[in-house]
Amino acid sequence: MRGSRFLAAAGWVILTALSGCGGGGGGGGGGGGGDNGANALRLSVAASRIDMTVLEGSTPGQGAVTLAARLNGGTGNESVFVGVEPTGQGVLLPIPVVIDTVARTGTATVSPNPGLPAGSYSGTLRVLACLDAQCASPIAGSPTTVNFTTVVQPRFRASTPSLAFAAAESAQPPAQGFTLTLPAGTVAATHVVRYGASANGWLQVQANGPNYIVRPNAGLAAGAYTADIELDSGTPQPRVTVAVRLNVSAGLVVAPSVEARVLSTSPSTVAAGSLPIESAAGVAATQWTAETSSPWLRLVAASGALGTPLQWSVDPEGFARLPTGTTSEAEVTVSAGSGLTPQRVQFRLTKEVAEIETADSLAVGAGEAGEVLLYGRLFDPVDTAQRLQARGFAPAAVTVRSPTMLSLQVPALPAGTYELSLSTASGLPTRTVQLRVLAPVDRGMQVVSTTGLKGALLWDAASQSAFVHNASQSSVMRVQLGGTPAAPTATTISRVVPGIVGIALSPDRSSVVVVTSAGRIVDLSTQDLSVMATRETGRTIDNAANPAMPLAVTGDNRLLMSLGSQWSGVLHYDLGRGQVLPLPSGDFTFYGGPWGRVSPNGQRLMLVQSASISPRPPLLLRDAGDGVLRPFTQNLTTFYYRGSSDRRGLRWALDANVYSHELVGEGQLAPPDGWFGQESAMSRDGSRTYLFTRNATVSLSRIWVFDTSRPVGAGFNHPVLGSLEPLLQPSCANEVQDDSCNGYATRLVLTDDDRSLIAVGDRHLVVVPLPADLRGGPLPAAASLMRRMGPATR
């Protein structure tokens with residue numbers, strides 16, 4: 001029925017879930033919930049349709065409209081789940097929502113999809129509100145259907161960015177042409193030719209509506225000629241320029257440039273071609289040879305007699321290594337005998353194919369079905385899902401969440417490594433990423449001696465290793481765990497990195513990402529801590545904020561961290577492409593920030609702007625589906641010093657409180673009197689939260705296990721299910737907290753299989769196995785896009 005369809009529907013996104021009373025408009029059908037009388041709980045939506053217009057290829061977010069929803073009536077104490085089911089093309093996913101818990105409203109920002117070809121697209125947004133996550137009990141007014149239409153206006157552009165001609169002194173090259181795509185309502189454009197420094201008036205341009213014919217004059221002297229054809233549509237859209245280059249030669253006659261543009265849908269013919277190699281009249285017959293400067297360009301026929309064309313093709317392996325959405329250049333030098341001047345040809349390859357760049361590579365364990373998030377670029381809602389190639393299994397479902405994120409449902413798989421990629425019509429390969437399916441590992445209690453104050457603690461299930469930032473020794477430690485539960489083993493190595501300020505794991509788990517105070521990014525191998533790469537950011541870092549937490553590295557391979565302890569800005573870095581990026585737009589305040597935690601699947605980042613100024617600015621959320629930073633302006637907290645989340649970032653433990661993804665309070669983590677909470681870890685499904693605590697009176701540590709499977713309400717305590725005690729204390733008992741002994745600097749992490757907790761302090765690294773009754777439950781195979789908001793029912 002509706003409930004199963006609700007959970008399985010592809011592309012569902014969050015709107016809001018609220019409880020309370022107030023006015024509102026809208027309509028729809030549906031059943032009742034709670035009180036069936038005049039004060040029955042009811043959903044109202046402020047619009048029945050929305051219309052959007054966007055320019056093809058414009059920046060995502062332009063042309064957005066808002067959709068408001070409200071819950072009316074009820075007792076004010078209901079648990080309500082609300083979601084949106086989009087149908088048809090035309091809107092960008094995910095749809096961001098701003099929750100106002102005081103007014104009890106939610107406002108969704110619906111953005112048209114500028115990545116679609118020009119045209120009109122229609123669909124619906126079905127808003128549902130239910131008393132359960134499966135939507136078996138809808139409330140009145142649910143579902144409400146909102147119709148939408150998105151008009152994507154054509155962008156003014158030319159069919160090619162450049163034309164290249166070659167001729168001998170006595171000859172006229174053949175004409176070439178291009179076609180304009182004109183804005184809506186226009187039938188023609190005007191043009192002007194702007195010549196380079198060599199000469200004027202040497203180019204003939206004829207226009208017939210959107211079609212243009214271009215040809216250089218005959219009888220030009222030897223030399224290189226350049227010109228730009230500047231085209232104006234007479235609309236506010238930017239002008240378009242077609243660059244023209246002409247080589248006139250008394251010897252070798254070779255076109256100065258070659259352009260190739262490869263899309264996911266391009267035929268194989270775009271990946272190969274020929275380039276005529278001619279000579280001027282009177283040049284003695286001779287051989288020519290050619291060589292390329294780039295590995296992505298293959299010369300199939302790199303030599304021949306004059307008059308024989310050069311044959312070229314795009315090298316498949318070289319193409320796969322090129323970043324998508326960019327233009328790469330290669331230079332080919334053509335030489336011949338008889339004292340002829342070599343000619344240089346510029347090849348430009350534009351790669352615009354949908355490509356996976358990173359994956360949530362440890363998303364599922366052996367024998368469990370689940371969701372794997374894939375991050376990349378240029379994902380098209382119609383075409384991309386059909387292009388996914390999975391080696392070793394058949395995907396259960398593929399959903400395009402946004403132009404940069406895919407959701408892949410996988411069946412239960414045996415332990416092993418599986419490869420994922422996207423095909424192209426041309427047959428050229430794209431980047432391949434790995435899905436690693438690991439069997440759970442049972443461990444016994446284990447203690448590894450160590451010294452020094454510790455920063456971040458990371459766990460890598462692929463190598464079965466804990467990685468530790470040893471702040472006292474300016475090093476990265478690798479503790480590889482092995483053996484059996486009865487006879488555990490550990491092998492420890494370390495590498496000093498001068499100026500180290502923080503560490504993180506790369507999304508593919510191939511490297512430990514280390515940032516230094518000099519602004520250097522060092523990639524250390526997770527296998528042996530050898531240096532894989534070193535990159536300079538051009539920034540210096542005065543004092544990284546909160547180095548006890550891992551650096552914030554998101555699933556789409558972005559790093560965000562503080563550059564200093566005061567008004568020092570943010571390092572926002574693309575680890576995949578090695579580029580410093582501008583911070584996503586927003587009026588944010590960073591003083592001693594930001595710092596944050598990323599959900600284990602890489603999708604959600606909870607970012608602190610500052611805890612050092614008043615009034616404190618709100619927390620920021622980043623979703624890798626669109627990469628935008630959004631402030632939480634109406635919620636219960638503005639910062640935290642310690643944090644953890646379930647695997648999907650739908651439930652967060654921030655210091656002593658548990659919150660929903662929308663930062664609505666779900667309860668408190670309150671250990672018994674005398675115990676002070678330090679670090680937390682949360683099970684994959686969010687049903688268990690583990691709080692590492694100290695008791696100053698007895699100088700002992702203990703891990704308390706809380707039941708966080710359901711909200712109990714802000715200000716109420718989650719039940720305690722039990723406690724665990726380390727075999728030896730990770731840290732010393734000194735309360736002075738100096739560099740040699742700090743009883744409050746213990747870090748905690750939960751292994752990916754939910755079987756063991758690992759704690760590290762200034763004395764020991766301790767492995768604490770989890771009894772079966774204190775573990776979390778299995779992660780649902782499909783992520784529910786329903787969200788619960790409002791007070792808990794008590």
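Modeller: This is a predicted model. Let us start with Leu728, which is found in the loop between strand S58 (720-724) and strand S59 (747-750).

Colleague: Why is Leu728 called partly exposed?

Modeller: Buried means under 20% relative accessible area and exposed means over 50%. Leu728 has 40% relative accessibility, so the residue counts as partly exposed. Leu728 also belongs to a nonpolar surface patch of about 260 Å², made together with Met445 and Leu727.

Colleague: What makes the pair of Phe639 and Tyr641 edge-to-face?

Modeller: Rings pair if their centres lie within 6.5 Å, and planes over 60 degrees apart count as edge-to-face. The ring centres of Phe639 and Tyr641 are 5.2 Å apart and the planes stand at 70°, so the pair is edge-to-face. A search of the whole structure finds 10 aromatic pairs. Tyr195, Trp202 and Tyr225 form one aromatic cluster.

Colleague: How do you know whether Phe639 and Tyr641 are buried or partly exposed?

Modeller: Phe639, at 18% relative accessibility, falls under the 20% limit and therefore counts as buried. Tyr641 has a relative accessible area of 40%, so this residue is partly exposed.

Colleague: Why are strand S39 (500-505) and strand S42 (531-536) said to stand at the edges?

Modeller: Four strands form an open antiparallel sheet in the order S39-S40-S41-S42. S39 and S42 each have a single partner strand, so one side of each is left without a neighbour in the sheet.

Colleague: What makes S39 and strand S40 (residues 511-516) a pair?

Modeller: Two strands pair if there are at least two bridges between them. Five bridges join S39 to S40, so the two strands pair, and they run antiparallel. The bridge partner of Ile503 in S40 is Val514.

Methods: Residues are numbered from 1 along each chain as its sequence is written. This is a predicted model: local features need pLDDT of at least 70, side-chain atom pairs count only at pLDDT 80 or more; totals for chains, interfaces and linings use all residues. Side-chain values use heavy atoms; hydrogens and water are left out. Patches are made of residues with over 30% relative accessible area and no salt bridge: like charges are joined within 9 Å, nonpolar side chains (Val, Leu, Ile, Met, Phe, Trp, Tyr) within 5 Å. Accessible areas come from the Shrake-Rupley method with a 1.4 Å probe; for residues, only the protein chains shown count as cover. A salt bridge is a side-chain nitrogen of Lys or Arg within 4 Å of a carboxyl oxygen of Asp or Glu. Buried means under 20% relative accessible area, exposed over 50%, partly exposed in between (1.4 Å probe, protein chains only). Rings of Phe, Tyr and Trp (its six-membered ring) pair if their centres lie within 6.5 Å; planes under 30 degrees apart count as stacked, over 60 as edge-to-face and the rest as tilted.
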